[in-house]
Amino acid sequence: MPYNKVLLLAWERIVSMTVRTRIAPSPTGDPHVGTAYIALFNLCFAKQHGGQFILRIEDTDQQRSTAKSEQMIYDSLRWLGLDWDEGPDKGGDFGPYRQSERGDIYQQYAQQLIDQGHAFKCYRTPKELDELRAEIKADGENRALKPFDLLLSEAEQQQRANDGQPFVVRMQVPESGTCVVNDLLRGDIELDWSMVDAQILLKSDGMPTYHLANVVDDHLMQISHVLRGEEWINSAPKHQLLYQYFDWPMPQLCHLPLLRNPDKSKLSKRKNPTSILYYQRMGYLAEAVVNYLARMGWSMPDEREKFSLDDMLTAFDIQRVSLGGPIFDLDKLSWLNGLWIRESLTTEQLADQLTAWALNRDNLLTVLPHVQARMDTLSDFIPKTAFLVAGQLTITEADFTALKLDTNEQVKILQFCLWRFESLNDWQRDALFAELSGLAEAFELKLKDFLAPLFIAVAGTTASFSVMDAMALLGSDMTRARLRHAIEVLGGVSKKQMKALDKAYRGLNTGQ
């Protein structure tokens, strides 16, 4: 079908239905700027067509999902002004809006797929799966695991069931051929079925994977358009097939370009601060952050760079999205934020912003217990706490020279802490203390000596109050950003060094 005909049909579909869009973030850590980026475009698209924007919480990963992370999603999106019409905290006609509360629904539809022959119980162990993949590779084949690889004989399957062995539910997928998926921006996309695996739909704990849960929820919540990142393109055949199996109309898909680091890699917390809360803590204005995210792959008709959310809502047209990978450039964000501070705030408004940002009573009550015992006069407060409201600290290599450890050991400590913090979900003082104590023991160092480079990296001095308390106050992403900065100040890490450090880290025994 010609591309312009595809677009015409898509727009005819839009005007003939109630437009409903959604985001479904996972509450498993700090809220990601990518979530805000996708939320912004879903909000604008829905409001452009007089529709609704829904927030759904994808908390099926029960080990990592937390109520605190869920609240941070609400707080960060509201800080940006990206509010929703329906959600767990607001209710609506299509709830519940937490996937953990919809387990019976997913079980019902998974069983329906099994009964119709579109899915099967898979008792294969992780070891068997690895062996199957190795066999496929040894045979010179480049393909995904298929049902015929995974299915056991009826006798063996019955034996494993009788033994109470765990199983997952997988979907049936074609062995070969081409799947054509229509995209609102890209037209028809052809994908090879040989590269699509027999996707797990229900995990062994009975919880659904993203693929089943989102298809079922999008249908039951009457989602008309799914605007999501382009990393989901390769999953689109599975989703389209599920809609066919259920005999449901499929929402219009629209895959937005990914945010990228300056080196063109996918934006990740290993290279850039990715938490929305980091940018709030750094002192960026919400209006500037939204403005900058809007410029990630989209432009105003008059091409102006500085504009408000209301301006974007008025002028929004999804066809103005550029498919080139937008670069998330902190210098450009800072420049734009400066325009907002200088051009859009009166002196009185700037005073209000500063008070709300760092000098409010709640913040003071959080910080004062850590510095009150160190204060002789009120004027001691700002010097002792300035690092908590600073951006990157103006530290130099000379700040680390008085420490007992040599530079290479300090870099190793900072890098290992950085890696450990990237996987730490419980960002509380006690959890930080446990992690750092374990690492210090593995390094065979006294805790005081082990923590010294962290004091410099995080607070700029070893004379600060507890570095664990400081990191808890700063937050995960700000702390990691300062560790990355300190590593660069100490000379950085070459690719060869990074490979050696990674090997050492993986072999480290910290009792975790």
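The legends below describe several views of one predicted model.

View 1. Taken along the principal axes, its C-alpha atoms fill a box of roughly 75 × 55 × 40 Å, and 49% of the 512 residues count as buried. Among the contacts with a separation of 6 or more, 76% are accounted for by residues 24 or more positions apart.

**View 2. The largest nonpolar core, which has 106 residues.** The residues with the most contacts inside this core are Leu40, Phe41, Leu256, Ile318, Phe421 and Leu454. Its largest share, 11 residues, comes from helix H2, which covers residues 33-48. Apart from this core lies another, of 45 residues, which includes Leu145, Met171, Val215 and Ala236.

**View 3. The surroundings of Phe41.** Leaving aside neighbours within four places in sequence, Phe41 is in contact with Leu227, Leu256, Leu293, Ala294, Met296, Trp298, Met312, Phe316 and Val321.

**View 4. Cysteines in a structure where a search finds 0 disulfides.** Cys179 is in no disulfide, and the nearest cysteine sulfur, which belongs to Cys254, is 17 Å away. Cys179 has a relative accessible area of 4%, and because buried means under 20%, this residue counts as buried. Cys417 is likewise buried, at 0% relative accessibility.

Note on methods:
Residues are numbered from 1 along each chain as its sequence is written. This is a predicted model: local features need pLDDT of at least 70, side-chain atom pairs count only at pLDDT 80 or more; totals for chains, interfaces and linings use all residues. Side-chain values use heavy atoms; hydrogens and water are left out. A nonpolar core is a set of buried Ala, Val, Leu, Ile, Met, Phe, Trp, Tyr and Cys residues joined through side-chain atoms within 4.5 Å. Buried means under 20% relative accessible area, exposed over 50%, partly exposed in between (1.4 Å probe, protein chains only). Helices (H or I, at least four residues) and strands (E, at least two) are DSSP runs, numbered from the N terminus. Contact means heavy atoms within 4.5 Å. A disulfide is a pair of cysteine sulfur atoms within 2.5 Å.
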